[in-house]
Amino acid sequence: MSRNYIVADNQDVTRIGLISILREYNKEAKIIEVENYSKMLFMLRQYPNSVVIVDYSLFDFLSITHLLNIKSGAKASSWLIFSDEPDVHFLRQLLQSDPSISVVLKHNSKSYILDALMCVTEYEVYWCDFAESVMKAGVPQQNIPDKLTVSESNILREIALGKTTKEIAVEKNLSFHTVNTHRRNIYRKLGVNSVNEVTRYALQAGLIDQMEYYI
């Protein structure tokens, strides 16, 4: 099956150079340039098995979670981070969250960039030397969160859909205190501190539809 390429890089020179390399690799490729995440979402709905090539630092993602949620909503897509040397903490967090994301740097040679493009096109993962070194560095293991109860999972889903404690209490015919207690237990068990983190967990756990969050 042929694949389309969604290029999300707002740096003109590198975007033009990348497209030139893509044309060299596949003269028949359909290359779609997007300048913001809304257009990216639209194109992924049209072409869900696309290869997405993105410079995170120059794009309008709200956070790493935002990027991961969009990627999760297009399960057939493959993603390549094409960037200047990223922050180590950022890269480690991103690849720990989703090791299927490929990475190549803008200062890598043309042959390395071609290798990365070939890998992601064939649904394989490519990590450049920098990404490999970051991920091989010692990282303390994260604690596995306590298992949520059925009630907590149901409340978690409602929180992830943007509902307030009061709204959930009314819809579920529960007291405000009960819902608030569930909320505190969810945050404690998952080790999170914000609605964004809760939402990411709900998306990755399949408690809500990945595209539903952005509609």
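Tyr123 is found in the loop between helix 5 and helix 6 (129-136), where helices (H or I, at least four residues) and strands (E, at least two) are DSSP runs numbered from the N terminus. The model is predicted, so that local features need pLDDT of at least 70 and side-chain atom pairs count only at pLDDT 80 or more, while totals for chains, interfaces and linings use all residues. Residues are numbered from 1 along each chain as its sequence is written, and side-chain values use heavy atoms, with hydrogens and water left out.

Phi of Tyr123 is near 65°, a positive value in a residue other than glycine. Asn173 likewise is not a glycine and has a positive phi, of about 55°. The loop that holds Asn173 lies between helix 8 (165-172) and helix 9 (176-190), and the positive phi occurs just after helix 8.

Buried means under 20% relative accessible area, exposed over 50%, and partly exposed in between, with a 1.4 Å probe and protein chains only.

| Residue | Relative accessibility | Class |
|---|---|---|
| Tyr123 | 48% | partly exposed |
| Asn173 | 71% | exposed |
| Cys119 | 17% | buried |
| Cys128 | 3% | buried |
| Glu152 | 4% | buried |

## Cysteines

A disulfide is a pair of cysteine sulfur atoms within 2.5 Å, and the structure holds 0 disulfides. Cys119 is in no disulfide, and the nearest cysteine sulfur, that of Cys128, is 12 Å away. Seen from Cys128, the closest cysteine sulfur is in Cys119, and the 12 Å between them is too far for a bond.

Helix 1 (residues 12-25) has 14 residues and, at 1.5 Å a residue, should span 20 Å; its end C-alpha atoms are 20 Å apart, which agrees. The expected span is 1.5 Å times one less than the number of residues.

Which residues of helix 1 are buried? They are Thr14, Arg15, Leu18, Ile19, Ile21 and Leu22. These residues cover an arc of only 160° around the axis, and therefore lie on the same side of helix 1. The arc is that of the directions from the helix axis to the C-beta atoms. Val13 and Ile16, on the other side of helix 1, are exposed.

The buried residues of helix 1 pack against strand 1 (5-8), strand 2 (31-33), strand 3 (51-54), strand 4 (78-83) and helix 5 (110-121). Contact here means heavy atoms within 4.5 Å.

## Strand 4 and its partners

Strand 4, one of the elements against which helix 1 packs, is mostly covered, with 6 of its 6 residues buried. Ser78, Leu80 and Phe82 point one way from the strand, whereas Trp79, Ile81 and Ser83 point the other way; all are buried.

Two strands pair if DSSP finds at least two bridges between them. Strand 3 and strand 4 run parallel and are joined by 4 bridges; the bridge partner of Val51 in strand 4 is Ser78. Strand 4 also pairs in the parallel sense with strand 5 (residues 102-105), over 4 bridges, and Ser83 stands opposite Leu105 in strand 5.

Strand 4 takes part in two crossover units, described in turn. Strand 3, helix 3 (residues 64-73) and strand 4 make a right-handed β-α-β unit. A right-handed β-α-β unit is also made by strand 4, helix 4 (residues 88-97) and strand 5. A crossover is right-handed if, with the strands pointing away from the viewer, the path from the first strand over the helix to the second runs clockwise.

Glu152 is found in helix 7 (residues 150-160) and, at 4% relative accessibility, counts as buried. What is Glu152 in contact with, leaving aside its neighbours within four places in sequence? Its contacts are Lys147, His182, Asn185, Ile186 and Lys189.

In helix 8, Thr165, Ile168 and Ala169 are buried. They cover an arc of only 100° around the axis, which puts them on the same side of helix 8. Lys166, Val170 and Glu171 are exposed on the other side. The cover over the buried residues of helix 8 includes helix 7 and helix 9.
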